[in-house]
Amino acid sequence: MLASMAATMTRVEAIRNHALAALDRIRWLTPLLGRLAVGLLFMSTGWGKAHDIPKVTHFFETLGIPAPGLNAVVVAYSELIGGTLLVLGLFTRLATIPLIVSMTVAILTAKLGDLHGLFDLVGFDEFTYLVVLVMIAVIGPGAASLDHLLCKKLGWRER
């Protein structure tokens, strides 16, 4: 019986190792998918905001955001440019910073009235985007990025 259990465990370990090796081969895909998901979203929302600044300004006024006209422009172009940089994987970690700030402010202003607990928070789209942005900031843009190519070209070590 012990020999049978040992043989089963050996097979389980072999399957595990095979699965982990397969996942390692597509590791590059995960940061790319995260960058594309939030990058394309922010490109789209930034484009829309940049082309209707008066509407965004009015919305910011209703939220009590200071200097709503200036902040509407800053948010619009942060989203448009930051989203584009995420899609390209260029200056990726830097591009996440204004977007992280924007999502934090969105939660603390536009969503605050709907926030009654942890489950409300994790249900907000803005929180999901915030988490993905933080993950990208921490793990980096991945191999399928212009940052990766730039580091390679300059002989810099990636982290």
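Let's start with phenylalanine 42. Its relative accessibility is 2%, so phenylalanine 42 counts as buried. Buried means under 20% relative accessible area, exposed means over 50%, and partly exposed is in between, with a 1.4 Å probe and protein chains only.

A word on the model. It is predicted, so local features need pLDDT of at least 70 and side-chain atom pairs count only at pLDDT 80 or more, while totals for chains, interfaces and linings use all residues. Residues are numbered from 1 along each chain as its sequence is written, and side-chain values use heavy atoms, with hydrogens and water left out.

Now the aromatic pairs. A pair of aromatic rings is described by the distance of the centres and the angle of the planes. Rings of Phe, Tyr and Trp (its six-membered ring) pair if their centres lie within 6.5 Å; planes under 30 degrees apart are stacked, over 60 edge-to-face, and the rest tilted. How many aromatic pairs does that rule give? The count is 2.

Phenylalanine 42 pairs with tyrosine 129, edge-to-face, at 6.2 Å centre to centre and 70 degrees between the planes. Phenylalanine 42 sits in helix H2 (residues 29-50) and tyrosine 129 in helix H7 (residues 125-139), so the pair ties together parts 87 residues apart in sequence. Helices here are DSSP runs (H or I, at least four residues), numbered from the N terminus.

Next, phenylalanine 59 and phenylalanine 60. Their pair is tilted, with 6.3 Å centre to centre and 45 degrees between the planes. Are these two buried or partly exposed? Phenylalanine 59 is partly exposed, at 41% relative accessibility. Phenylalanine 60 is buried, at 9%.

On to helix H3, residues 53-63. Its buried residues are Ile53, Val56, Thr57 and Phe60. Seen down the axis of H3, they fall within an arc of 100 degrees, so they line one face of the helix. That arc is taken from the directions from the helix axis to the C-beta atoms. On the other side of H3, Pro54, Lys55 and Thr62 are exposed. What do the buried residues of H3 pack against? They pack against H2 and helix H4 (68-88), where contact means heavy atoms within 4.5 Å. Just after H3, glycine 64 takes a positive phi of about 80 degrees.

Last, valine 101. Valine 101 is in helix H5. At 47% relative accessibility, valine 101 counts as partly exposed.

Technical notes: Helix = DSSP H or I, 4+ residues; strand = E, 2+ residues; numbered from the N terminus.
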